[in-house]
Amino acid sequence: MSQQRFMQHPWSNWMKGVGPDADIVVSTRLRIARNLRQHPFPLLATDSQAEEVVKKVADVALGATMQKHGKFELIAMDQLSPLEKRVLVEKHLISPNLAEESRKGSVLLNEDESISIMVNEEDHIRIQVLLPGFQLHEAWEIGTKIDDVFEKHLNYAFDEKRGYLTSCPTNVGTGIRASVMLHLPALVMTKQINRILQAINQVGLVVRGLYGEGSEALGNLFQLSNQVTLGMSETDILSNLYSVANQIIEQERAARRYLLEHSRIALEDRIFRSYGILQYARTVESKEAAQRLSDVRLGIDIGIIKNVSAFALNELLVMTQPGFLQHHAGQKLAPEQRDERRARLIRERLAAEKSS
């Protein structure tokens with residue numbers, strides 16, 4: 001397996017479009033932050049100290065004990081071009097922070113890209129499990145098993161009172177960040193989304209855009225995640241997120257039913273207009289593409305569009321991003337060139353769905 005495989009192909013396990021509540025929950029992600037005792041945190045580490053951490057983590061991840069989770073490949077950030085790193089961010093395999101840390105950072109990826117172990121990001125180790133659909137407890141089961149393997153071989157920075165120690169105080173305690181990526185077009189259309197987002201902030205959760213903190217909620221995609229890790233158990237964190245996410249899922253379904261009952265013609269018109277534009281447009285900007293893809297995805301999920309799979313729409317989420325477009329082209333592209341190439345990729349992908 002070559003590291004180019006992770007850059008050249010848009011497919012990842014989380015894009016399957018299957019799993020519990022996959023009509024609304026695109027993916028589930030679990031991250032576990034850990035640091036090694038007697039090693040400076042990444043922000044303060046020298047190059048040689050950072051390299052020592054990479055070696056220790058890689059020795060465990062590439063060892064026989066971890067093989068049950070798939071074969072891993074180590075990729076150093078300083079071996080990638082800015083464009084290649086951007087592709088990995090767009091596929092949600094690394095964080096923007098790790099992409100910027102070209103001197104000390106690395107990532108270990110398994111074959112189906114469901115597990116990503118970031119090294120020397122903000123913390124020494126960031127274990128990430130990324131699954132399709134609503135699979136919080138399944139992600140936790142995988143993540144905690146990987147964490148147990150590392151803890152058996154490495155000496156974690158842990159305090160009896162505070163829990164696992166991390167670079168950012170908001171991660172101290174369990175070190176867990178769990179999130180679900182929700183597609184909520186009906187709540188946006190019925191103008192209920194702002195009320196729901198305000199309520200979420202009152203229960204220790206936070207909502208971000210497609211690529212996490214500071215990013216925009218393009219294509220009606222929202223990441224719901226826990227905000228607090230200190231003073232709560234892993235069970236409490238997951239249960240709270242699971243409960244709130246379930247409520248949002250039910251509200252989105254209710255909003256979809258309302259639109260079908262009271263505004264069906266307008267809804268169908270919007271969906272089929274977007275589908276037609278994506279099938280025939282010769283140039284599409286990224287924001288428009290995200291919105292049109294959201295409309296078509298909604299059409300698939302409520303049974304109005306029947307000859308396109310959710311997998312194709314999830315794949316197009318990555319294929320239409322600037323980094324992937326340019327890496328696929330093998331060169332940097334001006335904005336208008338990206339818009340043209342984006343439209344062509346969408347046309348080709350949708351045509352392939354119709355002929356399959």
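Here follow questions and answers on a predicted model of one protein chain.

Visitor: What are the ground rules for numbering and for confidence?
Guide: Residues are numbered from 1 along each chain as its sequence is written, and side-chain values use heavy atoms, with hydrogens and water left out. The model is predicted: totals for chains, interfaces and linings use all residues, local features need pLDDT of at least 70, and side-chain atom pairs count only at pLDDT 80 or more.

Visitor: How many helices and strands are there in the protein chain?
Guide: Both kinds of element are DSSP runs, numbered from the N terminus: helices are H or I, at least four residues, and strands are E, at least two. On that basis the protein chain has 13 helices and ten strands.

Visitor: What is the radius of gyration of the protein chain?
Guide: The radius is taken over C-alpha atoms, and the globule rule is 2.2 Å times the number of residues to the power 0.38. For 356 residues the rule gives 21 Å, and the chain is close to that, so it is as compact as a globular protein of that length. Its C-alpha trace spans about 65 × 45 × 30 Å along the principal axes. The radius of gyration is 21 Å.

Visitor: What percentage of the contacts with a separation of 6 or more joins residues 24 or more positions apart?
Guide: A contact means heavy atoms within 4.5 Å. Of the contacts with a separation of 6 or more, the share from residues 24 or more positions apart is 73%.

Visitor: How far apart do the centres of the positive and negative side chains lie?
Guide: Lys and Arg count as positive, Asp and Glu as negative; His and the chain ends are not counted. Each charge is placed at NZ of Lys, CZ of Arg, CG of Asp or CD of Glu. There are 43 positive and 44 negative side chains. Their centres lie apart by 3 Å.

Visitor: How many of the nine residues of helix H3 are buried?
Guide: Buried means under 20% relative accessible area, exposed over 50%, and partly exposed in between (1.4 Å probe, protein chains only). In H3, the buried residues include Leu83, Val87 and Leu88, and also the charged Glu84 and Lys85. H3 (residues 82-90) is largely enclosed by the rest of the structure, because the buried count is seven.

Visitor: Which residue just after H3 takes a positive phi?
Guide: The angle is about 65 degrees. The residue is His92.

Visitor: Is Gln38 buried or exposed?
Guide: Gln38 lies in the loop between E1 and helix H2 (47-61). Its phi is near 65 degrees, a positive value in a residue other than glycine. With a relative accessible area of 75%, Gln38 is exposed.

Visitor: Which side chain makes a polar contact with the side chain of Ser114?
Guide: Ser114 sits in the loop between strand E3 (106-110) and strand E4 (115-119). At 9% relative accessibility it is buried. A polar contact is a pair of N or O atoms within 3.5 Å; within protein, one must be able to donate a hydrogen and the other to accept it, and residues adjacent in sequence count only if both atoms are side-chain atoms. At 2.7 Å, the partner of Ser114 is Asp112.

Visitor: Which side chain is in polar contact with that of Glu122?
Guide: Glu122 lies in the loop between E4 and strand E5 (125-132). Beyond its neighbours within four places in sequence, Glu122 is in contact with Pro42, Ser167, Cys168 and Asn171. The polar contact of its side chain is 2.9 Å, and the partner is Arg126.
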